[in-house]
Amino acid sequence: MSTLTTIHPRHALFGAEAATHHLPVCDHYAGVEARMRKSLALQAEMAETAGRAVFDVTLDLEDGAPVGGEHEHALLVAELLDSPANAWGRVGVRVHDVGHKRFEDDLDTLIGRVGAKLAYIMVPKLAGVDDTRRAIDAIKAARVKHGVSHVIPVHGLIETLSGLRDVAQIAALPGLESLSFGLMDFVSAHRGAIPALAMGAQGQFAHPLVLRAKMEIAEACHAAGITPSHCVVTEFKDTRALSKAAERASRELGYTRMWSIHPDQIPVIIDAFAPVTAEVDDAVEILSAAQAAHWAPTSYHGVLHDRASYRHYWFVLERAWLTGQPLPAEIRQAFFG
């Protein structure tokens with residue numbers, strides 16, 4: 001299959017979008033020092049097996065810092081980012097929201113000390129498009145101040161009603177890489193009008209206001225070409241409930257990434273977001289034939305395929321690679337080498 005060394009699908013099928021890459025499907029949050037260190041060790045352990053980081057770690061300043069000790073916690077997070085524990089370059093940080101008195105100090109501390117090593121910065125409680133623009137501009141200003149050439153992607157958390165109102169405009173802002181849904185704060189913002197059941201693994205898919213919010217966020221992200229990231233499942237010991245929620249988020253709502261809040265959740269999320277084996281096998285055959293035909297239409301099992309379906313199967317194949325699914329060696333080398 002020497003033809004696999006010709007035009008790569010990212011270039012053949014997407015043109016100006018060729019540089020777009022999907023983020024790892026799992027985003028694991030940790031804020032307490034012992035859990036942050038354990039999360040980084042687990043990331044390194046799983047990456048050694050896969051040859052790449054199969055989940056991101058987000059070190060948490062917002063919920064992880066003790067009251068009055070925010071600056072010291074930011075220094076600790078910067079130390080971890082600058083240590084051998086950050087072996088794979090896939091560690092981000094959640095800072096305080098733009099209205100918080102510690103927001104600018106968070107940025108100054110992190111970007112000033114380890115700006116080049118930040119995979120992304122997560123900004124919570126986005127209240128609207130102006131709020132988001134302010135956050136993006138502040139991160140850029142801190143980079144310029146400290147002479148950091150590395151462009152730090154910005155991730156945002158939609159957990160307010162005003163943020164949901166502006167979500168399409170927010171998603172379209174340059175500099176954003178991902179938007180997440182903040183389930184708990186979103187439900188709380190309704191002042192008891194949404195029952196607590198809607199914060200659970202099953203109830204969050206049943207209440208129409210919560211489901212509408214999830215769908216609007218996912219659609220806005222796909223329209224803007226950024227990654228939609230699904231919210232947490234707080235029943236962290238119930239792996240069956242988590243698996244069902246992750247599968248629904250991925251297969252029904254179009255999310256391509258999901259939060260983890262406990263190490264045991266990470267492999268469950270990765271498995272749930274991985275494509276099924278039969279679809280991966282189809283993707284290998286269809287894309288191999290397409291590339292051999294220089295991306296002209298082909299047929300597979302009596303079904304016509306062209307660039308539209310090639311794009312779909314490329315995303316399937318890329319998701320298989322991101323989740324560590326076994327792929328033929330020649331495919332791995334040609335498409336992901």
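Good morning. I begin with a pairing: strand E1 and strand E8, which covers residues 257-260, run parallel and are joined over 3 bridges. Within that pairing, Cys26 stands opposite Met258 of E8. Please keep in mind throughout that this is a predicted model.

Let me place that pair in its setting. Strands E1-E2-E3-E4-E5-E6-E7-E8 form a closed barrel of 8 strands, with parallel pairing. From one strand to the next, the twist averages 25 degrees. For those new to the subject, strands of a sheet pair through backbone hydrogen bonds, and the pairing may be parallel or antiparallel.

I turn now to the other neighbour of E1 that I wish to discuss. Strand E1, residues 26-30, pairs with E2 in the parallel sense over 4 bridges. Asp27 stands opposite Asp56 in E2, and Tyr29 stands opposite Thr58 in E2.

Are the residues of E1 buried or exposed? In E1, 5 of the 5 residues are buried, so the strand is largely enclosed by the rest of the structure. The burial concerns both faces: Cys26, His28 and Ala30 are buried on one side, and Asp27 and Tyr29 are buried on the other.

Leu179 has Pro228 as its bridge partner in E7.

What packs on the sheet? Helix H2 does so, touching E1, E2 and strand E3, which spans 91-94. The direction of H2 makes about 170 degrees with that of E2.

Between E1 and helix H2, which spans 33-50, there is a loop, and Gly31 is found in it. Gly31 has a relative accessible area of 12%; the cut-off for a buried residue is under 20%, so Gly31 counts as buried. Leaving aside residues up to four places away in sequence, Gly31 touches Met36, Asp60, Gly64 and His73. By contrast, Gly31 and Trp295 are 47 Å apart in space, C-alpha to C-alpha, and 264 residues apart in sequence.

Next, a database record. In an unreviewed entry, UniProt lists residues 43-263 as "domain: HpcH/HpaI aldolase/citrate lyase". Over residues 43-263, the chain is 43% helix and 14% strand.

I now move to two helices, H13 and H14. How do helix H13, residues 307-322, and helix H14, residues 329-336, pack? Their axes are 12 Å apart, and the packing angle is about 105 degrees. The range for roughly perpendicular is 65 to 115 degrees, and H13 and H14 are therefore roughly perpendicular to each other. On the H13 side the contact is made by Trp314, Leu317, Glu318 and Trp321, and on the H14 side by Ile331, Phe335 and Phe336. Taken by type, the residues of this contact comprise 6 nonpolar, no polar and 1 charged.

Arg191 lies in the loop between helix H8, residues 183-188, and helix H9, residues 208-224. Its phi is near 55 degrees, a positive value in a residue other than glycine. Arg191 counts as exposed, at 80% relative accessibility.

His301 is not a glycine, yet it has a positive phi of about 55 degrees. With a relative accessible area of 69%, His301 is exposed.

Is Arg10 buried or exposed? At 13% relative accessibility, Arg10 counts as buried. The C-alpha atoms of Arg10 and Leu161 are separated by 36 Å, and these residues are 151 residues apart along the chain.

Thank you for your attention.

Conventions: Residues numbered from 1 in each chain as written. Predicted model: local features only at pLDDT ≥ 70, side-chain atom pairs only at ≥ 80, totals over all residues. Heavy atoms only, no water. UniProt positions renumbered as here; feature names shortened; annotations may be inferred. Axes fitted to C-alpha atoms, helices over the stretch in contact; angles between N-to-C directions. Parallel < 35°, antiparallel > 145°, perpendicular 65-115°, else oblique. Contact = heavy atoms within 4.5 Å. Nonpolar A, V, L, I, M, F, W, Y, C, P; charged D, E, K, R; others polar. Pairing = 2+ DSSP bridges. Buried < 20%, exposed > 50% of the residue type's maximum accessible area, 1.4 Å probe, protein only.
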